[in-house]
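Please view the sequence and the model alongside the notes.

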Amino acid sequence: MSELHSGREGMERRKPGVLPQVGIAAACARWFAPWWPHLFVLALTGVSVFALWPGDARPPSLFGWHVINHIFAFLVLTMLARAAWPHIRRIWLFLALMAFGGLIELLQALPLINRTASLADWVTDAIGIAIGLVLVWIAGQLAGEPW
């Protein structure tokens, strides 16, 4: 909790040029470090359930627009995966999440699921992953830490 201290001692420990709010966010991220993998698995499960819900009894759309659902889902998965496993190279993270998105699209084509596989949805997943990687890069730059 000493990283959260905003007094004179906290100011001396902070990296030069880093805003106090960024230091607090970085300290919170470190505090959550043991939970990131669990949160990623929870999010992955939720995305899978929504994506593979049978077409006849589809749950309501989270944001009301199909494209936004894809972007948001893969943006969150990307950020959680990067927080959970920061040592994994970004290209492998991108490829793994793209494979997951492709698997979802293939499974949606099964008669049991009764949904439609779409190359456009897979491209939209890639856009969400890219946005997530950019946001993680920005956060790393603000915190003065390598990403």
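This is a predicted model: local features need pLDDT of at least 70, side-chain atom pairs count only at pLDDT 80 or more; totals for chains, interfaces and linings use all residues.

Residues are numbered from 1 along each chain as its sequence is written, and side-chain values use heavy atoms, with hydrogens and water left out.

**Helix α5**

- Helix α5 covers residues 90-108; helices (H or I, at least four residues) are DSSP runs, numbered from the N terminus.
- The 19 residues of α5 should span 27 Å at 1.5 Å a residue, which agrees with the 27 Å between its end C-alpha atoms; the expected span is 1.5 Å times one less than the number of residues.
- Buried positions in α5 are L93, L97, M98, F100, G101, G102, I104, E105 and Q108, where buried means under 20% relative accessible area (1.4 Å probe, protein chains only).
- The cover over these buried residues includes α3, α4 (66-84) and α6.

**Packing of α3 on α5**

- The axes of α3 (residues 36-52) and α5 come within 10 Å and cross at roughly 25°; axes are lines fitted to C-alpha atoms over the stretch in contact, and angles run from 0 to 180 degrees between N-to-C directions.
- That angle makes α3 roughly parallel to α5, a class for angles under 35 degrees.
- From α3, F40, L44, V47, S48, A51 and L52 meet L97, F100, I104, L107 and Q108 of α5, with contact meaning heavy atoms within 4.5 Å.
- The residues of this contact divide into nine nonpolar, two polar and no charged; Ala, Val, Leu, Ile, Met, Phe, Trp, Tyr, Cys and Pro count as nonpolar, Asp, Glu, Lys and Arg as charged, and the others, Gly among them, as polar.

**Packing of α4 on α5**

- Helices α4 and α5 pack at about 140°, with their axes 11 Å apart.
- They are therefore oblique to each other, the class left once angles under 35, over 145 and from 65 to 115 degrees are set aside.
- H70, F74, L77, T78, A81 and R82 of α4 make the contact with R90, L93, L97, F100, G101, I104 and E105 of α5.
- Seven nonpolar, three polar and three charged residues make up the contact of α4 with α5.

- N114 lies in the loop between α5 and α6 (119-143).
- N114 has a positive phi of about 60° although it is not a glycine.

Terms used
Helices (H or I, at least four residues) and strands (E, at least two) are DSSP runs, numbered from the N terminus. Buried means under 20% relative accessible area, exposed over 50%, partly exposed in between (1.4 Å probe, protein chains only).
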